[in-house]
Amino acid sequence: MPNVALIETKRSNTNFKTELFDNDIEFDQFQLCSDPNIKKVLKRDVDIDFNPDEYEWVILVGSDALKYYTPINSITEYSGKLVADKFLPIINPAMLAFKPEAKPTWETSKQNILDYISGDLTETVIRPEQVLGIDNTEIANEWICRCINSRPPYIGLDSETGGLYPRDGHVLGISISYERDYGVYINIECFDERTEALLQTLFNQTKVIFHNAKFDIAFFEYHFNWNFPDFEDTMLLHYLIDENPGTHGLKQLAMKWTPYGDYEQPMYEWIKDYCKRTGTLRNQFTWDTIPFEVMSEYAAMDAVVTLLVYEKVVKIKQNKQLLRVYDEILIPGTRFLLDAQDNGVPFDKDRLITAQELMQHEIDNAVSTLYKFPEIKQFEKINGKDFNPNSTVQLRSLLFDYIGLQPTGKKTGTGADSTDAEVLKELGEQSPIPQLILDIRQRSKIKNTYLDKIIPQLDRDIRLRTGFNLHGTTSGRLSSSGKLNMQQLPRDNPIVKGCIKAKEGHKIVAMDLTTAEVYVAAVLAKDEALMGVFRAGGNFHSQIAKRVFKLPCDPEEVSKLYPAKRQAAKAVTFGIMYGAGPMKISEQVTKDGGVYFSKQEAAEAINDYFKEFHMLKSWIEKNQKFIKQNGFIYSYFGRKRRLPNVASEDKGIQSHSIRSGLNFLVQSAASDINLLGAIDMHKHIKKQKLGARIFALVHDSILAEVPIDEVDSYVEALQDCIQKDRGVSIPGCPVGCDFDIHDDYSLGKFEALYGNNV
């Protein structure tokens, strides 16, 4: 009988003998902490008396036990996997009642653990003959020729690089696999012209499988000018299988779908040891430090597991709706984003430097004003030290204990009164100090997060290359990451956007979709009344208010004569897709209008709204019912949103999943209209050999730097691309496009605030 121990954080009500082992295995059970009253167990609370060496297998339940006994943090990623020869992590089964989405992970992990203990499952060891490191030109060329002559249906291809961006780094080597379980890693130092030509021949005749194609192709195009007529991306294929962010890493998929598990772990152990020996900080370590003989085995395995993962994920293409998303959106989107990223975001360096100074001046003035308040001076005198507005403990003490402000009721995760931005803004109605502290925080964040970091990351052409991701959201909206998150630029302060400036002879052209999600909802619901509002034109929310509340005036007069009604119509319009009820509408209208709008009034407004747009209501109810019954929904363009938590015992989690699914239907379709329009426009620019360059998609907008003499034709062509009938259009009334044309992305707000000499 195997010698098995099981460790959980605290004693739970779970009967692991039946839940995990089906009464077949005897085991000893331990807890990290013996005190059941401790809410969150910290390292200092651990009092377990346990020696792992006394057991053959140690099952670690939940993230706390995993982190305590191993250097690994992710319980979801390692659940059911063997760690350090004896530890078998598994997610806590208690979460299944609230998050049914974890059930497949639990079932797979449970079976793996049983198979490890019984001996039916063992770790696969990489054999020396499976991987080949090549640093000789003649051997490299011979191997590539052999691969070409074998005419494989596809190859796995990966790069190892000395940086994250082609202009900042270089290619160290490439990994190729064309035979199952066998791969090579070729040192770039042994390349000659024939090597490069042979590889292009291989890419021309063979489908190339990447994992994160956009990354590898960017390096290969920039440094070798290679092109890839036929490529696929296992990361994007997996995104079709599981649209949740953070699940698409090659290592994660290798652990899930190949026998090689965490095959890179020995290399990371080498890196850890190297940093310790040399005193190198981990964030300063670069991959070109790794010796070829250390790198080659694991780099070659990247290509091997890419092929193995492809064999699993490619099956999703049997789903015709998801195949349409892949072929018509994701792969063309990859090609488009490669060029958009390479175009780069245009900055004005002189304005950036001036903006740093301006923001520091504003911070200094705000800090000076703050410290003039007698409450601050008294607080420092009592505490015997300077007040630090960045200290949450000091800030909480100042606001609630000393000044005596009434807490808002919002709490932190530990149960303390919150002092986040939302709270400080609300507290600002009681005292000027919270608002001033909020101003200091916000300005400091703008300077530290954006202005200070942008300048050193600019390329020689004063453009910044950052990343845009097709797989970063559940809705299909693009996300942004890397040197600059373009989706999170400050909205209320124009200083950063004002530094995104067109070069001489050009303009920044920003196109925004107008009320696109409501437009999509009207079309999908086949609500003639709501579509009629779009056909009527004019101010959208005034038109809605007039129809819903039967106002006895022209739409142009609604804003002046019935401002509360207009605010209510606006709040309901934007709130219904997010499942907003009377309480939420009441709060929103009161906040926006400045006049109390009761819950009863909100309920009546919602009722009146749905009387006017009854087809919309029917469509919402039908889709809510479908989501609840099936746990998924498809968008108009074929994306799938999986929502297994509709089966949760927690009503809050269940209702949130239903709201998320409904919102997905409109947000996903609107963002795909925008992305498909941008893809088509990019093709038009290349075909016509225009000077315009699209450099970003931000939410529902498309940003481009356009030569002045092309602006009119660019606007006309982009509008045609966006308003192309893709099957989700109101006949005779295409989706709205607003165009703003200016020298910088703040669209004049920077100059209005700081003057036109900056």
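I began with what a salt bridge is, namely a side-chain nitrogen of Lys or Arg within 4 Å of a carboxyl oxygen of Asp or Glu. By this rule I get a count of 38 salt bridges, and I note at once that the model is a predicted one.

**Entry on arginine 641**

I looked up arginine 641 and found that it forms a salt bridge with glutamate 243, with the closest N and O atoms 3.2 Å apart. Arginine 641 belongs to strand E17 (residues 640-642), whereas glutamate 243 sits in the loop between helix H8 (234-241) and helix H9 (250-257), so this pair ties together parts that are 398 residues apart in sequence.

**Entry on glutamate 705**

I turned next to glutamate 705, whose side chain meets that of arginine 463 in a salt bridge at 3.0 Å, N to O. Because glutamate 705 lies in strand E19 (residues 701-707) and arginine 463 in strand E12 (residues 463-464), the pair ties together parts that are 242 residues apart in sequence. Glutamate 705 is buried, its relative accessible area being 1%, and arginine 463 counts as buried at 4% relative accessibility.

I also found glutamate 705 in a salt bridge with arginine 693, at 4.0 Å from N to O. Arginine 693 lies in strand E18 (residues 693-698) and glutamate 705 in strand E19, so here the parts tied together are twelve residues apart in sequence. Arginine 693 counts as partly exposed, at 26% relative accessibility. Elsewhere I noted one network, in which salt bridges that share partners join Lys207, Asp230, Glu232 and Lys317.

**Entry on helices H19 and H20**

I looked up how helix H19 (residues 528-536) packs with helix H20 (residues 540-549), and I read an angle of about 135° with the axes 9 Å apart. The two helices are therefore oblique to each other, and their crossing is right-handed. On the H19 side the contact includes Leu530, Val533 and Phe534, while H20 contributes Phe540, Gln543, Ile544 and Arg547. Sorted by class, this contact has seven nonpolar, two polar and one charged residues.

**Entry on helix H15**

Last, I asked which residues of helix H15 (residues 392-402) are buried. They are Gln394, Leu395, Leu398, Leu399 and Phe400, and I found that the buried residues of H15 pack against helix H14 (374-383), helix H16 (421-427) and helix H17 (432-454). Just after H15, I noted that glycine 404 takes a positive phi of about 85°.

Key. Residues are numbered from 1 along each chain as its sequence is written. This is a predicted model: local features need pLDDT of at least 70, side-chain atom pairs count only at pLDDT 80 or more; totals for chains, interfaces and linings use all residues. Side-chain values use heavy atoms; hydrogens and water are left out. Buried means under 20% relative accessible area, exposed over 50%, partly exposed in between (1.4 Å probe, protein chains only). Helices (H or I, at least four residues) and strands (E, at least two) are DSSP runs, numbered from the N terminus. Contact means heavy atoms within 4.5 Å. Axes are lines fitted to C-alpha atoms, for helices over the stretch in contact, and angles run from 0 to 180 degrees between N-to-C directions. Angles under 35 degrees count as roughly parallel, over 145 as roughly antiparallel, 65 to 115 as roughly perpendicular and the rest as oblique. A crossing is left-handed if the near helix is turned anticlockwise from the far one by less than a right angle, and right-handed if clockwise. Ala, Val, Leu, Ile, Met, Phe, Trp, Tyr, Cys and Pro count as nonpolar, Asp, Glu, Lys and Arg as charged, and the others, Gly among them, as polar.
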